[in-house]
Amino acid sequence: MRNKKIIIPLTIILLLLAALLSIIISGYTAINRAENQFAEKNYADAAESYQLAAQRFPWREDLWEKTGIAFASSSNFSQAIFYLEKLSAPSAEGLMWLSFSYQQLGNYPAAIQSIQQAIQINDLSNFYKILALLYRHEKDWPSERNALEDQLLRDSSDVYARYRLGLLLTVLEPEQALSDLMLASSLDPQFDPAVQTLRAALNLSATQPDASSQMVTIGRALGLVQEWDLSIVAFENAITLNAENAEAWAWLGEAKQQTDLDGRVELDQAAALDHTSVVVRALRGLYWNRQKKYPQMLAEYLLAARYEPENPAWQAELGNAYTLNGDLAIALTAYQHATELAPNDSTYWRLLAIFCNENGVYLENVGLPAAQKAVEFAPDDPLALDTLGWSYLSTGRYANAEKILLDVIERYPELFSAHIHLAMTYLAQGNHPAAFNELTYVRDADSGGASGLFAEQLLAKYFP
């Protein structure tokens, strides 16, 4: 039997061609619309338009990739991952957005893998920068170091990358850290204070008798520049080198608290190793203070003061501990004893004056004279001057308070406590508009900070 030819009527062919043409036209229309929406940063709508275009032209991977990128740009990271993961040959840009999407959803291993794939396509310095940040989150310090070195090989102009590399080297290769730190400081003065702190610590560590003590010195400096994650590494290295180093255990406990961990186990281990160490006692005192366990805090500082009776710092800490325990009479004695041990040190006179001002006690006969002494020994110290202004306010000498606080603010405009004390002076004088201006300045300039929050509370109280 001979095969019969199937003849499709011309009308059907025309209808099919018309349908196909309609699909093509709607696809290109969707592409144009998506590109305009994306350019206008209307990313959610752009994602839908790219998705429609990709459905019209399913063989075009670039449209699926743009769909994923648009979803990522609109913060729809799950959808972004869905589309970007199905690509057989994603571009470096698509992989970067895939990495970003995984990062936003907390999947850092997948984010690292994606950016590593992007680097295989195009080893841009920016990709290494992203990789370094991901490794930093994972606390994979050697890998972060390698990523930063690769970044700087491709772009040596990133000063922060240079500074960060120097920070890492302080715990990984201390003898190599200084060159990167100093270069960062020379390129950008904002890094100079931290670099000078670390430089002094690195030089001091070289004089320490053993490697464990050297790492404790470096760890403390990293804490001073608010790099507590890396200070933990330094203190852990110190303990690895000498498990009997009580100060390393105590500082590890402090560093863990600074990174929202407990630290109690390490502090207990420190006390077990050396119960007479004033460093151990001081750091344990800080721990109990944060826990609001003030009797335990007092006990730690009593021991520190017993082991170093001539150190005024422990007397000042005792004064604070007695105050928190509600024993103001003995607190006063402790603060006064600190000034006796260091009669020419402005700090302890200032702390004595602050104690009187905060608690409203002994203002005339102790607090004001102490504030005046503080300024006598440190006439240009803004904290001492602010305390004197506060003491004038506390003793009702409003004109004197206003004069000195205005002078302090003129010289140190970012000393927020002086603005608050001036506002309180204005309130005492009945000058509410001026007080309002001072408080709103602090609230806005220190938004989220301790002074800003306090100013906000005062505004709510006096200007409801």
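This is a predicted model: local features need pLDDT of at least 70, side-chain atom pairs count only at pLDDT 80 or more; totals for chains, interfaces and linings use all residues.
Let's begin with helix 26, which runs over residues 450–462. Its 13 residues reach 18 Å from the first C-alpha to the last, close to the 18 Å expected at 1.5 Å a residue. Gly452, Ala455, Leu458 and Leu459 are buried in this helix. Looking down the axis of helix 26, you will find these buried residues within an arc of 120°, so they line one face of the helix.

What does the buried side pack against? Its partners are helix 24 (416–429) and helix 25 (432–445). On the face turned away from that side sit the exposed residues Ala450, Gln457, Ala460 and Lys461.

## Met215 in helix 12

Helix 12 spans residues 211–224 and holds Met215. With a relative accessible area of 8%, Met215 falls under the 20% cut-off and therefore counts as buried. Leaving aside residues up to four places away in sequence, Met215 touches Thr170, Val171, Ala234, Asn237, Ala238 and Leu241. Val265, by contrast, lies 50 residues from Met215 in sequence and 20 Å away in space, C-alpha to C-alpha.

## The largest pocket

The lining includes Ala201, Leu204, Arg220, Trp228 and Trp251. Helix 11 (192–205) and helix 12 are the elements that give two or more residues to this lining, and helix 12 gives the most, with five.

By residue class, the lining divides into six nonpolar, three polar and one charged.

Methods:
Residues are numbered from 1 along each chain as its sequence is written. Side-chain values use heavy atoms; hydrogens and water are left out. Helices (H or I, at least four residues) and strands (E, at least two) are DSSP runs, numbered from the N terminus. The expected span of a helix is 1.5 Å times one less than its number of residues. Buried means under 20% relative accessible area, exposed over 50%, partly exposed in between (1.4 Å probe, protein chains only). The arc is that of the directions from the helix axis to the C-beta atoms. Contact means heavy atoms within 4.5 Å. On a 1 Å grid over the protein atoms alone, a cavity is a set of points where a 1.4 Å probe fits but cannot get out, and a pocket is an open set with protein on both sides within 12 Å along at least five of seven lines; lining residues have an atom within 4 Å of a point. Ala, Val, Leu, Ile, Met, Phe, Trp, Tyr, Cys and Pro count as nonpolar, Asp, Glu, Lys and Arg as charged, and the others, Gly among them, as polar.
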